[in-house]
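Have the viewer open while you read.

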Amino acid sequence: MEKLVKSIKLVDYEGMNEVHRNEVEILNRLYGSLDGEKEEEVDELLRLFLEDVERHFSYEEELMRKTRFFAYPCHKEEHDKLRQELRQ
């Protein structure tokens with residue numbers, strides 16, 4: 001299967017690397033299903049991806065609040081913009 005995303009840049013926190021790896025796996029599965037005639041599979045993978053993104057953002061925002069991350073407001077704003085785009 002051809003991959004949409006072949007690699008990702010790692011961050012200093014392994015927990016986030018695992019979240020990113022999971023999202024890449026879902027994206028690659030979704031990409032691979034687009035050339036077939038399995039509309040139900042595409043719908044399910046897209047739903048799974050959207051749910052995963054929301055879990056990712058919520059998890060990351062919680063970590064940023066707990067650690068009082070200095071860039072939390074602007075990073076959350078980026079998440080909120082992407083959430084809005086994904087809903088469209």
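Sorted by class, the residues lining the largest pocket come to 12 nonpolar, 4 polar and 3 charged. Keep in mind that this is a predicted model. The lining has 19 residues, and those nearest the pocket centre are H20, H56, E60, H75 and H79. As for volume, the largest pocket holds about 460 Å³ of space. Which elements give two or more residues to the lining? These are α1 (14–33), α2 and α3. The biggest share comes from α2, with 7 residues.

Now for the overall layout. Taken along the principal axes, the box filled by the C-alpha atoms is roughly 45 × 30 × 15 Å.

On to the packing. Two packed helices are described by the angle between their axes and the distance between the axes. Here are both pairs side by side:

| Helix pair | Angle between axes | Axis distance |
|---|---|---|
| α1 and α2 | about 165° | 9 Å |
| α2 and α3 | roughly 165° | within 11 Å |

Take α1 and α2, with their angle of about 165°. Angles over 145 degrees count as roughly antiparallel, and that is why α1 is roughly antiparallel to α2. Their crossing is left-handed. From α1, the contact uses G15, M16, V19, H20, N22, E23, I26, L27, R29, L30 and S33. Facing them in α2 are E41, V42, L45, L46, L48, F49, D52, V53, H56, Y59, E60 and L63. By class, this contact of α1 with α2 splits into 13 nonpolar, 5 polar and 5 charged residues.

Next up are α2 (residues 39–66) and α3 (residues 72–87), whose axes cross at roughly 165°. These two helices are therefore roughly antiparallel to each other as well, and the crossing of α2 and α3 is left-handed. On the α2 side, the contact is made by L50, V53, E54, F57, S58, E60, E61, M64 and R65. The α3 side brings in Y72, H75, K76, H79, L82, R83 and L86. That contact of α2 with α3 has 7 nonpolar, 3 polar and 6 charged residues.

Some residues turn up in several of these lists. E60 of α2 is in the contact with α1, in the contact with α3 and among the residues nearest the pocket centre.

Technical notes
Residues numbered from 1 in each chain as written. Predicted model: local features only at pLDDT ≥ 70, side-chain atom pairs only at ≥ 80, totals over all residues. Heavy atoms only, no water. Axes fitted to C-alpha atoms, helices over the stretch in contact; angles between N-to-C directions. Helix = DSSP H or I, 4+ residues; strand = E, 2+ residues; numbered from the N terminus. Parallel < 35°, antiparallel > 145°, perpendicular 65-115°, else oblique. Left-handed = near helix turned anticlockwise from the far one by under 90°. Contact = heavy atoms within 4.5 Å. Nonpolar A, V, L, I, M, F, W, Y, C, P; charged D, E, K, R; others polar. 1 Å grid on protein atoms, 1.4 Å probe; cavity = no way out; pocket = protein on both sides within 12 Å on 5 of 7 lines; lining within 4 Å. Points joined across faces, edges and corners; volume = space filled by probe spheres on them.
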